[in-house]
Amino acid sequence: MSAPSHKCLEILSTVADAFNSPVNTKELLERTARAVVERLDLKACQFSLLSQDQQLLDHIASFGLEEAFLGRGPVETAGLAEALEGRPVALADCRSDSRVQYPEAHSTAGLVSSLAVPLKTRGQVIGVVQVYARESREFSETDVKLMEVLAAFCARAVTHSMFHKILDNVTAAIRSSLSLEQALESVARGISEDLRLVGCTIHLLHGEEEKLKLRAAFGPSKKFLAYQDNDPGPGFEQALLGRCTQLLDPHEVSATSFLEKVIEEGISSILHVPLMIRSKAVGVLCLYTHRPYEFSEDERYFMKAVADECGLAIQQSRIHSMFRQSYETLVNDFQIWFESGYRQL
């Protein structure tokens, strides 16, 4: 059974209206799910994103699914391995297919046939969109193409939302803390969790020799971080010149030791973002992805904005440290003056 062309146009029109409306990403995805279910006479539609460790799928929006089904338990990625590798996967019967993790839950919910399509953006799969039929159904090529188009739009919206969320969270974290360490640790954690990265690190120039020193990290192992302290790898040099640079494929790097450490850590691409204060680089913010991912111009712009907020935190910390030093000097001078005057009496 194939979706009629006018139904496809109705779905695309509904989704376009949602994209042009002032709604949040969750509501946009729910509108998309509803349009797909109602126009294609389906039982349900669900959007899920990969967890940070890439082992589970987290529910983010759906239509037609009851709370009992959504709360069935953690959904492992193994059953959707093909979709997460970038290929659409159709199942004739979710109630008996060995790839389905909770067949009884599907049966109880009245979900028979399913189609899973990857949510992809610039080569990286960030999750899946699944549609379910209430009866045995063979999904046509047109159905698959339609879902792939919708998935591409939705993946872009989800990614864009992630970067906006990161910027808002980083701004709030930095402005609510006087501790530079706490602020930078919060930034590294937030970026890693929101973007589902292998991890994030923040290195700052330190001492008269201005050597890079790790100041905050979330995700990478201690072994990798210790190695990186001695050999930051390619990309840092360009970032310290004020350029946002990306290493898309570590295999292109000739430094064998660096390549070995990166592969061992499960890193597929790295983005280096300069931390600037008054047009001078003071450090580097690094993002490490699970799969090769080319950050768009907009995404680099967002990450530069995040780096600017970090630069603000560094500057505030330096000013606070300077005032504290001046205050302590003043107190010491006053104490010396007071004790000197007291002895003269």
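1. The model is predicted; local features need pLDDT of at least 70, side-chain atom pairs count only at pLDDT 80 or more, and totals for chains, interfaces and linings use all residues. Residues are numbered from 1 along each chain as its sequence is written, and side-chain values use heavy atoms, with hydrogens and water left out.

2. The lining of the largest pocket includes Thr25, Lys26, Asp194 and Arg196. A pocket here is an open set of points on a 1 Å grid over the protein atoms alone, where a 1.4 Å probe fits, with protein on both sides within 12 Å along at least five of seven lines; lining residues have an atom within 4 Å of a point. Helix α6 (141–175) contributes the most to this lining, with four residues; helices are DSSP runs (H or I) of at least four residues, and strands are runs (E) of at least two, numbered from the N terminus.

3. In the whole structure, 17 salt bridges are found, each defined as a side-chain nitrogen of Lys or Arg within 4 Å of a carboxyl oxygen of Asp or Glu. Arg196 and Asp58 form one of them, at 3.8 Å from N to O. This pair links distant parts of the chain, 138 residues apart: Arg196 lies in the loop between α7 and β7, and Asp58 in strand β2.

4. Arg156 and Asp298 also form a salt bridge, with the closest N and O atoms 3.6 Å apart. Arg156 belongs to helix α6 and Asp298 to helix α11, 142 residues apart.

5. The side chains of Arg34 and Glu38 form a salt bridge at 2.9 Å, N to O. Because Arg34 and Glu38 are four residues apart in helix α2, about one helical turn separates them.
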